[in-house]
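Take a look at the structure below before reading on. The briefing then walks through it topic by topic.

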Amino acid sequence: MKALTIGLVNLRRMLRERSNIFFVFIFPIAIVLLVGIQFGSASAPGVGLHQADDDLLAAEIANRLQSDDSIEITSYEDEEDLTRAVEQGSITAGLLLPEGMEEVAASGEVVEIGYLARPDGSGSQLQALVSSTITEVMAPVGAAQFAAEETNASFQSTLAVAEELANQVRPIDVEVTSVGEALFPETLGQFDLGASSQLVLFVFLTALAGSSALILTRQLGISRRMLATPTSVGTIVVGESLGRFGTALVQGLYIMVLTLIVFGVNWGDPVGAISIIVVFSAVGAGAGMLMGAVFSNDQQAAGVGVVLSLGLAALGGAMFPIELFSPTMQIVAHVTPHAWALDGFAELVRRGGNTLDILPELGILTMYAVGLLALAGWRLRVAITRP
Amino acid sequence: MGAAFLIAVKDLKLRFRDRSVFILGIVAPLALAFIFNVVFGPAASGTGLGLEYGVVDLDRSEISTAFVEILEDAERREVLTVESHATRADADEAIAGGDIDAYFLIPEGLGQAVMTNLSAIVDVVGDIDAPTSTQIAASFAEQFSAGVAASQVAVATTAQVAGAQITPEFIASLGQDPARAASSFTLSDQTAQTRQLDATTFFSAGMAAFFLFFTVQFGVLGLLEEEREGTLARLFAAPISRLSVIGGKAILSFAIGVMSMGVLVVATSLLPGLGADWGAPLGVAVLVMAGVLSAVGIMGLVSSMARTPETAGNLGSIIAVILAMLGGAFFPIGAAGGLLSRLTYVTPHAWFLRGLGDLAGEAAWSEALPAAGAMMGFALVTGVTAWFLLRRRWAR
């Protein structure tokens, strides 16, 4: 009972601090929104286009690209402006269509089209998309060059034939399926990807930040005064743990409920999702407690906390999908509790699993929680009873 | 002025005895830059992304072999790995065992269907836990399909112009490989000619800018701590001008900031596993100075508005995190377009990164001046406001 009171006091202390309100409740949602806008389907990546002249081929390529809804085309009169726009990041990629494309093609030469991208990874996927479109437009040109070479007919005459035939050719269809016959959902919700990652990241971040409150409790002598009352060390340790756990749980549930209501994020089976949040909150509480017990300077704890929580989140796949990690890094990732929690959420959302299906993940997270809480309890017991 | 330096030197000694400055100013940004580089580096370079694919070629025609060759070529360029499976069941098993992310299924008769202009399908079968890798696999297949279509048009055109039927014999009689028709253009990547930061430098610079605001805060917060402990009143009673007292703290903040940034620039450039390329040293120095000054100004302003050191610390953290986020210190913000890409320039972080971008690619140091000027603007406006607020605060 006393332990519960200590826990509730901790929770209240956290909520009274205005900056905590920001970090616990406002910031995570803002990030989900920002990441959703940045990488979601709502905004098509911007591609800049510079045509050196009013060449017909170039105009056709521009036309086709403009009718593609998955990218947003902006035209640039000046090549320098286009380069500058890519450098400053106002567009993700740029395409430079050279002078006299038709003339070059007619002479049987290869047309060289310039491509610029941001070095942040999204450029190479865009390149595949742009390249497919140009291949389509250029198919008759290549065919005409080929036929002209083979038959010694003029390029203009073969081009006329090729343009006519291009519409009659049936291209190979590409169909995407997942193992087990179920089709991939056409688009995962714009915010689905980010929400569980952000939840894991922030619950852990807040839990580690909670260590400074514990350090303050020890520094101000509150723990010592509690010990002077008829309260056992065990009760204080359990109470402090409950406080951290409660904070993490409140934040986790808050992120889940709010993203569900505001962004319509699909969390899968609710019992399963809540189980993950409960166990992961306990892991966070354990880690926060351990830091609060080991450090005696709250500024140092805060610094180490930021590194640990952002670093583990990055390694555990909360910032970048774990599927794209190299095999070695995937093993490293599963040293973090984050990866296990994300695996659990993925099981619920992608495979429509229930609590039974995520028992392995829950089991491993429970082991983390028990291990960390036991270690933290022991260290805290030592820290507050030290003379 | 002498008094200001004395105060700064005294505080600097105090700060160095406390390890917090080292943790926040050097260890934390270095550790995070290193982790981010390991995790995000592959995506930025496009290699080593861990794309593991399988291919089931039930067709074994010239066309299907050409596709397998394209995949193997990509494997040589370390874009992906590909392994052949004899049957669909084998490939399914490989997915279930987590050996591959997705496989391409080339059905029997694909080559024949292409030759006779009948519909044909390449299946991309993916692991449900690897949606991104599967999507990338699909774009490989799409690109191949576009290339094959170009060859198809080439053969058909030649046949029509020559007045021949499309038969295997006719195709064999052609002097060139029909696949050539798909290469009537090249998309040459000229990204290297742009002045942009590479991923490693970006993470190093982003983290350095993010933590700079926390490092600088150590100095600025000292003012409020002295106020609470009553030592500030004693300083004011001494024959020292208020400008010297506030200046001392500002000099301290600036010194801590420049030192930590200096160590970070050198460390991220030299450490194995990072190897950042910051650009012309003089330009980097100008940017660092201007960046630190803007951080001192902003954190000074925050402190001048807060009543206690705790409030200043918390408010400062919030401001530092928001500015870093908006400024694109964690991930590039501009590409989102619209309001965000303009809003990003209300942060010194964005100017700092842009200045470094201007220095990239062997540019002269003076290229950094516009961005440095913008940061000096932040420093001046926030610094002067902070000075007036603090004077009014202590005049009461």
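Start with one residue, B:L264. Leaving aside its neighbours within four places in sequence, B:L264 is in contact with B:I26, B:P29, B:L30 and B:A208. Keep in mind that this is a predicted model.

**B:L264 and its surroundings**

- B:L264 belongs to helix α10 (residues 242-270) of chain B.
- Is B:L264 buried or exposed? It has 26 C-beta neighbours inside 10 Å, so it counts as buried.
- One of its contacts, B:L30, lies 234 residues away in sequence. In space, the C-alpha atoms of B:L264 and B:L30 are 7.1 Å apart.

**Domains of the two chains**

- Chain A is divided into domain 1 (2-38 + 193-385) and domain 2 (44-166).
- Taken over C-alpha atoms, the centres of domain 1 and domain 2 of chain A are separated by 50 Å.
- For chain B, the domain assignment gives domain 1 (2-43 + 196-395) and domain 2 (47-187).
- The C-alpha centres of domain 1 and domain 2 of chain B lie 52 Å apart.

**Where chain A meets chain B**

- How many residues does each chain bring to the contact? Chain A gives 92 residues, and chain B gives 94 residues.
- Several elements of chain A give two or more residues to the side that touches chain B, among them α2 (18-39), α4 (79-88), α6 (122-151) and α7 (155-166). Strands also take part, including β4 (111-117) and β5 (173-178) of chain A.
- The largest share of this side of chain A comes from α6(A), with 23 residues.
- By class, the side of chain A that touches chain B has 49 nonpolar residues, 29 polar residues and 14 charged residues.
- Strands pair across the two chains: six bridges join β5(A) to strand β4 (residues 121-126) of chain B. These two strands run parallel.
- In this pairing, A:D173 stands opposite B:I121 in β4(B).

**Two helices of chain A**

- α7(A) has 12 residues. From its first C-alpha to its last it reaches 16 Å, close to the 16 Å expected at 1.5 Å a residue.
- The buried residues of α7(A) are A:T158, A:L159, A:V161, A:A162, A:L165 and A:A166. They cover an arc of only 165 degrees around the axis, which puts them on the same side of α7(A).
- Helix α12 (residues 270-294) of chain A has 25 residues. Its reach from first C-alpha to last is 36 Å, close to the 36 Å expected at 1.5 Å a residue.
- Of the 25 residues of α12(A), 20 are buried, so this helix is largely enclosed by the rest of the structure.

**Helix α3 of chain B**

- Helix α3 (residues 62-76) of chain B has 15 residues and should span 21 Å at 1.5 Å a residue. Its end C-alpha atoms are 21 Å apart, which agrees.
- Which residues of α3(B) are buried? They are B:I63, B:S64, B:F67 and B:L71.
- Seen down the axis of α3(B), these buried residues fall within an arc of 110 degrees, so they line one face of the helix.
- On the other side of α3(B), B:E69, B:D73 and B:R76 are exposed.
- The cover over the buried residues of α3(B) includes strands β1 (52-57), β2 (81-84) and β3 (102-106) of chain B. It also includes helices α5 (110-115) and α6 (131-162) of chain B.
- Just after α3(B), B:E78 takes a positive phi of about 60 degrees.

**Strand β1 of chain B**

- β1(B) is mostly covered, with five of its six residues buried.
- Four bridges join β1(B) to β2(B), and the two strands run parallel.
- B:E52 stands opposite B:T81 in β2(B).

**B:P107, a loop residue**

- B:P107 sits in the loop between β3 and α5 of chain B.
- B:P107 has 16 C-beta neighbours inside 10 Å, so it counts as partly exposed.
- Not counting residues up to four places away in sequence, B:P107 touches B:L58, B:D59 and B:I121.
- B:P107 and B:D123 are 16 residues apart along the chain, and their C-alpha atoms are separated by 8.2 Å.

Methods. Residues are numbered from 1 along each chain as its sequence is written. Chains are lettered from A and ligands numbered from 1 in the order in which they are written. This is a predicted model: local features need pLDDT of at least 70, side-chain atom pairs count only at pLDDT 80 or more; totals for chains, interfaces and linings use all residues. The expected span of a helix is 1.5 Å times one less than its number of residues. A residue is buried if 20 or more other C-beta atoms lie within 10 Å of its own, exposed if 12 or fewer, and partly exposed in between; C-beta atoms are placed from the backbone. The arc is that of the directions from the helix axis to the C-beta atoms. Two residues are in contact if their C-beta atoms, placed from the backbone, lie within 7 Å. Ala, Val, Leu, Ile, Met, Phe, Trp, Tyr, Cys and Pro count as nonpolar, Asp, Glu, Lys and Arg as charged, and the others, Gly among them, as polar. Two strands pair if DSSP finds at least two bridges between them. Domain bounds come from an automatic or database domain assignment.
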